[in-house]
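User: I have a model open and want to know what stands behind the words used to describe it. Please set each value against its cut-off.

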Amino acid sequence: MLDKIFTAIFGSQNDRDVKKLLPVVQAVNEKESWAKSLKDEDFPKQTQLFKERFSNGESLDDILPEAFALCREAAFRVRGERAYDVQIMGSINLHKGRITEMKTGEGKTLVAVAPAYLNSLTGKGVHIVTVNDYLAGRDADTMGRVFAFLGCSVGAILSNMDNDARKNAYNCDITYGTNNEFGFD
């Protein structure tokens with residue numbers, strides 16, 4: 001009974017979580033016209049500027065609105081896909097280390113691009129875990145073009161790779177693979 005009263009007054013946990021994300025989504029949306037105004041050759045340059053800002057003490061959260069807007073525009077230019085606000089919310093959740101549950105066809109592959117890009121700015125490399133080699137290869141190929149447009153390198157760890165190929169993939173800014181491959185490497 002008490003739970004129902006609290007939910008009626010304050011909303012569900014999901015409602016409160018979404019409410020917290022809305023200002024960040026709005027900040028991303030406010031940067032969209034800036035990203036649209038950039039020339040194609042400006043995207044890798046902007047990535048370098050973000051890396052410099054991070055190394056000069058700005059946090060990834062400070063850079064997030066611009067970086068996500070840049071990713072959204074890069075995906076649109078390269079693949080014709082523009083992330084919806086709800087997908088940006090999923091991207092924010094992933095960046096914050098939270099789980100984002102999405103059904104088949106809701107754009108998980110696209111949702112992973114912005115947080116992977118943002119976290120790659122640290123220079124530490126980002127691993128995106130998929131469920132099988134097919135998806136690791138497919139996603140590295142399809143979204144790799146978006147990352148390349150942004151000036152980032154992408155690799156994939158597949159079960160049939162030799163050690164040299166694995167090392168090359170791990171040296172990329174963003175590496176796709178399965179939990180088995182990452183876990184046993």
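User: In which helix does Gln46 lie?

Analyst: Gln46 lies in helix H4. Helices here are DSSP runs (H or I, at least four residues), strands are DSSP runs of E (at least two), and both are numbered from the N terminus. This is a predicted model, in which local features need pLDDT of at least 70 and side-chain atom pairs count only at pLDDT 80 or more, while totals for chains, interfaces and linings use all residues. Residues are numbered from 1 along each chain as its sequence is written, and side-chain values use heavy atoms, with hydrogens and water left out.

User: Why is Gln46 called buried?

Analyst: Buried means under 20% relative accessible area, exposed over 50%, and partly exposed in between (1.4 Å probe, protein chains only). Gln46 has a relative accessible area of 11%, so the residue counts as buried. Leaving aside neighbours within four places in sequence, Gln46 is in contact (heavy atoms within 4.5 Å) with Trp34 and Leu70.

User: What makes Glu32 buried?

Analyst: The relative accessible area of Glu32 is 13%, therefore Glu32 is buried. Glu32 is placed in helix H3 (residues 32-37). Beyond its neighbours within four places in sequence, Glu32 is in contact with Ala69, Arg72 and Arg82.

User: Why is the pair of Phe50 and Tyr117 called edge-to-face?

Analyst: Rings of Phe, Tyr and Trp (its six-membered ring) pair if their centres lie within 6.5 Å; planes under 30 degrees apart count as stacked, over 60 as edge-to-face and the rest as tilted. By this rule there are three aromatic pairs. In one of them, Phe50 and Tyr117 have 6.5 Å centre to centre and 70° between the planes, which is edge-to-face. Phe50 lies in helix H4 (residues 42-55) and Tyr117 in helix H8 (residues 113-120), so the pair ties together parts 67 residues apart in sequence. Phe50 and Tyr117 are buried.

User: What makes the pair of Tyr170 and Phe182 tilted?

Analyst: Their planes are 50° apart and the centres 6.1 Å apart, and the pair is tilted. Tyr170, at a relative accessible area of 27%, is therefore partly exposed, whereas Phe182, at 16%, counts as buried.

User: How do you know that Lys36 lies over the face of Phe76?

Analyst: A charge sits over a ring if NZ of Lys or CZ of Arg is within 6 Å of the ring centre and within 35 degrees of the ring normal. Lys36 is at 5.4 Å from the ring centre of Phe76 and lies over its face.

User: Which residues touch the most other members of the largest nonpolar core?

Analyst: A nonpolar core is a set of buried Ala, Val, Leu, Ile, Met, Phe, Trp, Tyr and Cys residues joined through side-chain atoms within 4.5 Å. The largest has 42 residues, and Phe68, Tyr117, Leu118, Phe147, Leu150, Ile174 and Tyr176 touch the most other members. Helix H5 gives the most to this core, with ten residues.

User: Why do strands E1 and E2 stand at the edges?

Analyst: Two strands pair if DSSP finds at least two bridges between them. The three strands form an open sheet in the order E1-E3-E2, with parallel pairing. Strands E1 (126-130) and E2 (154-156) each have a single partner strand, so one side of each is left without a neighbour in the sheet. E1 and E3 (residues 174-178) pair over five bridges, and the bridge partner of Ile128 in E3 is Tyr176.
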